[in-house]
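Here is a short briefing to read alongside your model.

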Amino acid sequence: MNEIALFYNFSEERMRKAKFALLPLKIRTKAVSKSEYNHPLGYLAGIKEIEPAETEFDGNGFDEEMIVMHNFTSKTVDGLIRALNKCGVGRVPLKAVITPTNKDWNSVQLYNAVKADFNEMSGK
C-alpha cells in the first residue's frame, strides 16, 4: 500500500534504529528537515498531485519529535508502535496521520494542531 512514515527531529541514531525496525514491515521512512517544513504534508509523503512549496522554511519550527504516517491502517500503526518500542526508540507522543483535511497543511500547521490535541488530552 506504499506506507510512509515522516520523522521529525529524530537524532541520527534514533532515525537509524527506526529505519531498521520498520524495514521488515516494508514501511518507508523519511527524515524531514526543517528546510522542508513549508512543503505540504502530501508532497512530503509523495502524493503525486500535491505541489511543493515555492520557498524553503526559514523559521524556528519546532524541536519535538513527531511521526506523520501516510497510507497506514490501524494494524500498520500498531505495528509501527510495537517496532519502535522493540528497537529501543520507545514512545513518541506526537503522532498523526495524513488525511484529506490536512494533506495540504505544512509541517508547522500540523505540529500546532497535534500539540494542542496532545495538551488537551493530557490535561495541560
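The protein chain carries 17 positive and 16 negative side chains, and the centres of these two sets are 11 Å apart. In this count Lys and Arg are positive and Asp and Glu negative, while His and the chain ends are not counted. Each charge is placed at NZ of Lys, CZ of Arg, CG of Asp or CD of Glu. Please keep in mind that this is a predicted model, in which local features need pLDDT of at least 70 and side-chain atom pairs count only at pLDDT 80 or more, while totals for chains, interfaces and linings use all residues. Residues are numbered from 1 along each chain as its sequence is written, and side-chain values use heavy atoms, with hydrogens and water left out.

**Overall fold**

- The protein chain has 4 helices and 4 strands, and from the N terminus on they follow the order β-α-β-α-β-α-β-α.
- The radius of gyration of the protein chain is 14 Å, close to the 14 Å from the globule rule for 124 residues, so the chain is as compact as a globular protein of that length.
- That radius is taken over C-alpha atoms, and the globule rule is 2.2 Å times the number of residues to the power 0.38.
- Helices (H or I, at least four residues) and strands (E, at least two) are DSSP runs, numbered from the N terminus.
- Along its principal axes, the C-alpha trace of the protein chain spans about 40 × 35 × 25 Å.

**Surface, burial and contacts**

- Of the 124 residues in the protein chain, 40% are buried; buried means under 20% relative accessible area, exposed over 50%, and partly exposed in between (1.4 Å probe, protein chains only).
- The accessible surface of the protein chain is about 7500 Å², and 51% of it belongs to carbon and sulfur atoms.
- These areas come from the Shrake-Rupley method with a 1.4 Å probe.
- Among contacts in the protein chain with a separation of 6 or more, 72% are between residues 24 or more positions apart, where contact means heavy atoms within 4.5 Å.

**Aromatic rings**

- Rings of Phe, Tyr and Trp (its six-membered ring) pair if their centres lie within 6.5 Å; planes under 30 degrees apart count as stacked, over 60 as edge-to-face and the rest as tilted.
- By this rule there are 6 aromatic pairs.
- Phenylalanine 7 and phenylalanine 10 form an edge-to-face pair, 4.9 Å centre to centre with 85° between the planes.
- Phenylalanine 7 is buried at 1% relative accessible area, and phenylalanine 10 is buried at 13%.
- The rings of tyrosine 8 and phenylalanine 62 are tilted, because their centres are 5.7 Å apart and their planes lie at 40°.
- Tyrosine 8 is in strand β1 (residues 4-8) and phenylalanine 62 in the loop between α2 (41-44) and β3 (66-70), so this pair ties together parts that are 54 residues apart in sequence.
- Both tyrosine 8 and phenylalanine 62 are buried.
- Ring pairs link Tyr8, Tyr37, Phe57, Phe62 and Tyr111 into a cluster.

**Positive phi in two loops**

- Most residues other than glycine have a negative phi.
- Asparagine 9, in the loop between β1 and α1 (12-22), has a positive phi of about 65° and is partly exposed at 24% relative accessible area.
- Asparagine 71 sits in the loop between β3 and α3 (74-86); its phi is positive, near 65°, and asparagine 71 is partly exposed at 31% relative accessibility.

**Methionine 121**

- Methionine 121 lies in helix α4 (residues 107-121) and is exposed, with 77% relative accessibility.
- The C-alpha atoms of methionine 121 and serine 33 are separated by 28 Å, and these residues are 88 residues apart along the chain.
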